Amino acid sequence: MATAYHNLSSYDPEKVPNGEDMRVGIVVSEWNEAVTSSLLEGTLKTLIKHGVKEENIIIDFVPGSFELIFGSKHIVEHKEVDAVISLGCVVRGDTPHFDYVCSGVTQGIADMNIRYDIPFIFGLLTTDTMQQAEDRAGGRHGNKGDECAVTALKMIDFYRRNLEE
């Protein structure tokens, strides 16, 4: 388990680009809201810490994790953003529903990265227990939201540095 060896909130702030001229969309699943609201809090805190202006952060909510795909597509097509962060949480249950949702969202977000010319950041927790989710949403393993924010800033910077002239 990689998270056991690396805290999600640990990073070198010197390696994070300044986000003062960046615009970020965030789509948040309402399912498992206690967890996703903590992910959102971590994401916002980290984006703002690294210079992204509050007015340049677009936040919207969808009912569940599967809907993150449509929400992300909608944000990129109707808002001017440099990246989209998808935040959700799926906890394994007694049926294969977990596998279908996790697989679908993973493929959907991956497809967005191919289809559009901006980065889509995968912030979906896929855990066996609610405790594991809580541990990754501000608990003992840090906050996946922090990691997603840092990843978005770095990927926006990557894109801008590698534009063809």
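Modeller: Let me begin with cysteine 89, which has a relative accessibility of 0% and therefore counts as buried, the limit for that word being under 20% relative accessible area. Please keep in mind that this is a predicted model.

Biologist: What makes cysteine 148 buried?

Modeller: Cysteine 148 has a relative accessible area of 1%, and since buried means under 20%, cysteine 148 is called buried.

Biologist: How do you know that cysteine 148 is too far from the closest cysteine sulfur for a bond?

Modeller: The closest cysteine sulfur to that of cysteine 148 belongs to cysteine 89 and lies 12 Å away, whereas a disulfide requires a pair of cysteine sulfur atoms within 2.5 Å, so the separation is too far for a bond. In the structure there are 0 disulfides. Cysteine 89 is likewise in no disulfide, and its nearest cysteine sulfur, in cysteine 102, is 9.1 Å away.

Biologist: Why is serine 65 called buried, and which residues does serine 65 touch?

Modeller: Serine 65, placed in the loop between strand S2 (57-62) and H2, has a relative accessibility of 6%; the limit is under 20%, so serine 65 counts as buried. Leaving out residues up to four places away in sequence, serine 65 touches Ser29, Gly88, Cys89, Val90, Val101, Val105 and Leu124.

Biologist: Why is histidine 50 called buried, and where is histidine 50 found?

Modeller: Histidine 50 is found in the loop between H1 and S2, and because its relative accessibility is 9%, against a limit of under 20%, histidine 50 counts as buried. Residues up to four places away in sequence aside, histidine 50 touches Tyr11, Pro13, Val16, Pro17, Asn18, Gly19, Glu20 and Leu153.

Biologist: What makes glycine 139 partly exposed?

Modeller: Glycine 139, whose place is in strand S5 (residues 137-139), has a relative accessibility of 31%; since buried means under 20% and exposed over 50%, with partly exposed in between, glycine 139 counts as partly exposed. Glycine 139 and leucine 8 are 131 residues apart along the chain, and their C-alpha atoms are separated by 9.8 Å.

Biologist: Which residues make the contact between H2 and H3?

Modeller: On the H2 side the contact is made by Leu68, Ile69, Ser72, Lys73 and Glu77, and on the H3 side by Gly104, Val105, Gly108, Ile109, Met112 and Arg115. Sorted by class, the contact of H2 with H3 has 5 nonpolar, 3 polar and 3 charged residues.

Notes:
Residues numbered from 1 in each chain as written. Predicted model: local features only at pLDDT ≥ 70, side-chain atom pairs only at ≥ 80, totals over all residues. Heavy atoms only, no water. Contact = heavy atoms within 4.5 Å. Helix = DSSP H or I, 4+ residues; strand = E, 2+ residues; numbered from the N terminus. Nonpolar A, V, L, I, M, F, W, Y, C, P; charged D, E, K, R; others polar. Buried < 20%, exposed > 50% of the residue type's maximum accessible area, 1.4 Å probe, protein only.
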